[in-house]
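This report describes selected features of a single protein chain. The sequence and the structure are shown first.

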Amino acid sequence: MFAVLAGKMEVVKTIDGIERRLGWRVPGTIFGEVPLALGTPFPGGYRASEPSRVMRVDMRQYYTIAAMAPEFSMKMGALARERLGGLRSITAEPPKARVTVVGPRWDAVCGDLRRFLDRNQVSFEWLALDAPHLPAAWPGPPPIAQDCPILRLADGTVVSRPNTREVARLLGLQTSARAAEYDTVVIGAGPAGLAAAVYGASEGLRTIVVEREAPGGQAGTSSRIENYLGFPNGVSGDELASRALLQARRLGAEILVTRSVRNIDPVTREVLLDGDEVISGRTVILATGVAWRRLAIEGFERLIGKGIYYGAARSEAGATNGMDLYLIGAGNSAGQAAIYFANHARRVTLVVRGESLERSMSQYLLDQLRTKSNIAVLLRSEVTAAHGEANLTEIDVRDGATSSVRRVACNGLFVFIGADAETDWLPAAISRDARGYVLTGDDVVKAGVWSQPRDPYLLETSVPGVFASGDVRLSPVKRVAAAVGEGSMVIAFIHQFLQQAGRQAP
């Protein structure tokens, strides 16, 4: 329990991605009564809004006082219930969307924009052009398709056909660096990049993360990660990314979104962004992860974003109620998505080229799949074509055993066939294997591309001071936990590198 002796304490809580002020604690008032009286966590955060003094009463002292004066604990309990009641009234309010998006139901640009907002933790309301309640929800002249997508911000600002960077700026997301030089520049905001940002910033390194889309990476699209340490009930990819993002920003890391890296100077370690902006880094961390592998199938390219998707974000689930969905893939990502979509769709079908799921999917997912009556599995099968005009309506499925092809109705097709490293943009000095994965540590030495008198650090690439962590690095382990571990571990190597560079500078 804390009692305010002087100054002023602000009570804040993040609700629906927006920090809200719940109240104040002024001299003569207390806080901390809720966890002490009811045994629950603090319902909000407390910070001094001006120079303040507080008195701390620990749990042992509190119960000593309560034993001597029972009326004290009764008043504390009443105060806790009163304040929780006030908090419940706030959280019971319908969340206010920061953005309203209007556009055609099957427009790919609108779909990309909605996913961008969702993955950047921006609350929004989606209105299709043919929605019956559009006239009531959209003030002024009705939107037309040529102007879509149209966005209206909470302050009344209306923009037509904006790109994602313009949207990011309007919403206050950071898109440009605040300094010219940093101790480390992290490229990619997946689990490895966010872990590096958290540990780098917490240990005093000037840290900036450059992300071309949204924090979370491929893991951010996962509907449920069941085997991540510390989350016994599982955690969604976007929740994990959201927590890590808040943590990194709180510790002082800068997170740029909607920015792509065009090149890295292997001598100066300058990072060239799109728009010819340059960021100078004493060290660089490659944490770009991997990208979903594409399928060269008739009709796919034309219908991407109009019923065909690579990966699966939680934001897609709400639009699949009562639909028939098909998923291509036999790995854990496909299994997690099938289980999640089964809670919304009428039927979910996994299309698998192999003869079983046991060789490629974790046992816990296999067990959960068997409990879902609306999930079916087609073994030794593959999708050969996609059909539809404005959006996907049907697909052709070939049975590998009989070679017969049948056409089935399909409202949504999600592809999970593995991923590849996209590292063609890297300079030739950063060595990679034949599949594009970045060599580090002993692999650099074995490839004969290390020229320094010292050995490379475990996560150091063929260019001294440039490191790699996560899925983009050549490694047999591709797990979220491994990426987080490498992202935190790379900071220790950066400290060693900077210390050595400092000793050699004269």
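The sections below treat sheets, helix packing, an aromatic pair and local backbone geometry.

## Basis of the description

The model is predicted: local features need pLDDT of at least 70 and side-chain atom pairs count only at pLDDT 80 or more, whereas totals for chains, interfaces and linings use all residues. Residues are numbered from 1 along each chain as its sequence is written, and side-chain values use heavy atoms, with hydrogens and water left out.

Helices (H or I, at least four residues) and strands (E, at least two) are DSSP runs numbered from the N terminus. Axes are lines fitted to C-alpha atoms, for helices over the stretch in contact, and angles between N-to-C directions run from 0 to 180 degrees.

## The five-stranded sheet

Five strands make up an open sheet with parallel pairing, in the order β18-β25-β19-β20-β21; two strands pair if DSSP finds at least two bridges between them. From one strand to the next, the twist averages 20°.

β18 and β25 (residues 412–415) run parallel and are joined by three bridges. I308 has L413 of β25 as its bridge partner. Helix α10 packs on this sheet, where it touches β19 (324–328), β20 (347–351), β21 and β25, and its direction makes about 170° with that of β19.

## The four-stranded sheet

A further open sheet has four strands in the order β8-β7-β9-β10, and its pairing is mixed. At its edges stand β8 (124–128) and β10 (158–160), each with a single partner strand, so one side of each is left without a neighbour in the sheet. Direction ignored, neighbouring strands are turned by 20° against each other on average.

β9 and β10 run antiparallel and are joined by three bridges. The bridge partner of R152 in β10 is V158.

## Helix packing

The axes of α10 (residues 332–341) and α11 (residues 363–370) come within 10 Å and cross at roughly 30°. The two helices α10 and α11 are therefore roughly parallel, a class for angles under 35 degrees. Their crossing is left-handed, that is, the near helix is turned anticlockwise from the far one by less than a right angle. The contact (heavy atoms within 4.5 Å) involves N332, G335, Q336, A338 and I339 of α10 with Y364, L365, Q368 and L369 of α11. These residues divide into five nonpolar, four polar and no charged. Ala, Val, Leu, Ile, Met, Phe, Trp, Tyr, Cys and Pro count as nonpolar, Asp, Glu, Lys and Arg as charged, and the others, Gly among them, as polar.

The axes of α7 (residues 191–202) and α8 (residues 237–250) come within 9 Å and cross at roughly 30°, which makes α7 roughly parallel to α8. This crossing is left-handed. L194, A197 and V198 of α7 meet A241, A244, L245, Q247 and A248 of α8. By class, the contact has seven nonpolar, one polar and no charged residues.

## An aromatic pair

The whole structure holds 12 aromatic pairs, where rings of Phe, Tyr and Trp (its six-membered ring) pair if their centres lie within 6.5 Å. The rings of W292 and F416 have centres 5.5 Å apart and planes at 90°, so this pair is edge-to-face; planes under 30 degrees apart count as stacked, over 60 as edge-to-face and the rest as tilted. W292 lies in β17 (residues 291–292) and F416 in the loop between β25 and β26 (419–420), 124 residues apart.

## Local backbone geometry

The peptide bond from C148 to P149 is cis, with omega near 0°. P149 is in the loop between α5 (134–137) and β9 (150–153).

R269, a residue other than glycine, has a positive phi near 60°. R269 is located in the loop between β14 (261–264) and β15 (270–273).

Definitions and conventions: Angles under 35 degrees count as roughly parallel, over 145 as roughly antiparallel, 65 to 115 as roughly perpendicular and the rest as oblique.
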